[in-house]
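Dear colleague,

I am handing over the structure below, together with an account of what was found in it.

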Amino acid sequence: MGRRGRLAHDMTSGTTLFTRRAAIAALASSAAVATAPKSVLAAGLGTGRTDSLGAIAAEKGVVFGASFAVHETAKPQGARYAQLYAREVRSITSELELKMSSLRPAEHILSFDAADGLFDFAATHALAVRGHTLVWNDDVPPWIKALSTKEAGYLMDAHIEAVLERYRGRAAVWDVVNEPIAPWDNRPDNLRAGPFLAAYGIDYIARSFERARRFEPNAKLVLNEAFTETADERGETYRRTLLSILKRLKDQAAPVDAVGLQCHLSSRHPYDFPRFAAFLHEIAALGFEIHLTELDVDDSAFPRLASARDARVAALYRDFLTAALSNTAVTSVTTWQLADHTSWMHYRAVSANADATTAPRPLPFDADFNRKPAWMAIANAFRAMPPR
Ligand code: XIL
């Protein structure tokens, strides 16, 4: 059998099998929510929940969430990690579990185990799921890079179908296409190069959304992008290119519900929040909702002293959110993890230098799961915003 034939075969049998299993899993998890003893639900809906970022945002009609990593729940602090999420957020984004590299590490493997764990956690605690992400030219395992252009196009289509068939009705939101822009790939259109762009040209984006809508009629479908926040040349390029992609998608009547802006803020870049707010107005004027999808603060250029760093991080959250939340098109805010020691910045820094005094402090909770000034800054920004 040729490679295309093998892929088709794997995909067909995998999809059939997984569809049945997904139906059973969906039934099982909804039954679990309906019949769970009070003590289990209390972990998600207890009194602490009214004094949480999730509850404070919900009062204004905004969904607050955070990225979640299933592997963190298996660590010694795993139970506390789970409790923090159950109390603090209303939605979780899969940080790793639904990426193509996790689901398809090798040609004949389609592994849903970790993703199933994330959906089950969300069901147990009545949390919404943001599925991240279906099509991303940067997260491509080596075996996919070795496919022909035609095979890669086929895989993109089959992947969207397989994942959405399995989880249909279980995610409130999907990041359908992630990070379509990469100016450093040196294309005149600033698009990120990769197998799916090579297969279909720029219309891999519209095609992904059309296909996602076909297999998941009810979720919000999001185009997610990085680096639009800064007041420098890179930020300008990203904003200009993203707006032109969005105009094209609108002209094509592609089923894009919302634009996701990652918002990985940094102590190393300049900001001009009125300029950013004007960009949000341009997106809203095109008719899209806006989700802030991966908010955190790289504090590496702030003072070493933790209290001083925390104050600078909190001020950046405050200034950024005050500007962004003034636009009523912004309907959700997601931080990238909740506690400093589970941030991708922590893992990156520790692998470079294990010195705890300079460990990053990018998030609203510290490594003991205690609130930091950033928590208060985020809460106050929600309290001060106009309701949705
Ligand atoms: C990151 C995760 O946080 C890391 O753990 C992983 O090693 C690499 O991916 N933009 C995105 C996210 O859309 O998927 C990335 O997540 C962070 C940047």
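For the classes used below, Ala, Val, Leu, Ile, Met, Phe, Trp, Tyr, Cys and Pro count as nonpolar, Asp, Glu, Lys and Arg count as charged, and the others, Gly among them, count as polar. With those classes, the shell of residues around the ligand divides into four nonpolar, four polar and four charged. Please bear in mind throughout that this is a predicted model.

The ligand and its surroundings

The residues around the ligand are E95, L96, K99, H132, W136, N178, E179, Q262, H264, E294, W336 and W344. Three of these side chains have a listed distance to an oxygen atom of the ligand: for H132, an N or O atom of the side chain is 2.7 Å from such an oxygen, for E294 a polar side-chain atom lies 2.8 Å from one, and for Q262 the distance from a side-chain N or O atom is 3.2 Å. On its own the ligand has 420 Å² of accessible area, and the protein covers 73% of that area.

The largest pocket

Where does the ligand sit? It sits in the largest pocket, which holds about 620 Å³ of space. This pocket is lined by 34 residues, of which Q262, H264, E294, W344 and R348 are the closest to its centre. Two or more lining residues come from each of β7 (264-266), β8 (289-298) and α14 (344-352), and α14 gives the most, with four residues. Taken by class, the lining of the largest pocket is made up of twelve nonpolar, ten polar and twelve charged residues.

H132 is joined to T133 by a cis peptide bond, with omega at about 5 degrees, and T133 is found in strand β3, which covers residues 128-135. E179, although it is not a glycine, has a positive phi of about 45 degrees, and this residue lies in the loop that runs between β4 (173-178) and α9 (195-200).

The cavity

How many cavities of 30 Å³ or more does the count give? The count comes to one, and the space in the largest cavity is about 30 Å³. Its lining consists of I202, D203, I205, A206, I245, R248, L249 and Q252, and the elements that give two or more residues to that lining are α10 (204-215) and α11 (233-251). The largest share, three residues, comes from α11. By class, the lining of the largest cavity divides into five nonpolar residues, one polar residue and two charged residues.

With best wishes

Definitions and conventions. Residues numbered from 1 in each chain as written. Predicted model: local features only at pLDDT ≥ 70, side-chain atom pairs only at ≥ 80, totals over all residues. Heavy atoms only, no water. 1 Å grid on protein atoms, 1.4 Å probe; cavity = no way out; pocket = protein on both sides within 12 Å on 5 of 7 lines; lining within 4 Å. Points joined across faces, edges and corners; volume = space filled by probe spheres on them. Near = heavy atom within 4 Å. Polar contact = N/O pair within 3.5 Å; in protein donor to acceptor, adjacent residues only side chain to side chain. Areas by Shrake-Rupley, 256 points an atom, 1.4 Å probe, with all protein chains shown as cover. Sits in = over half its atoms within 2 Å of the grid points.
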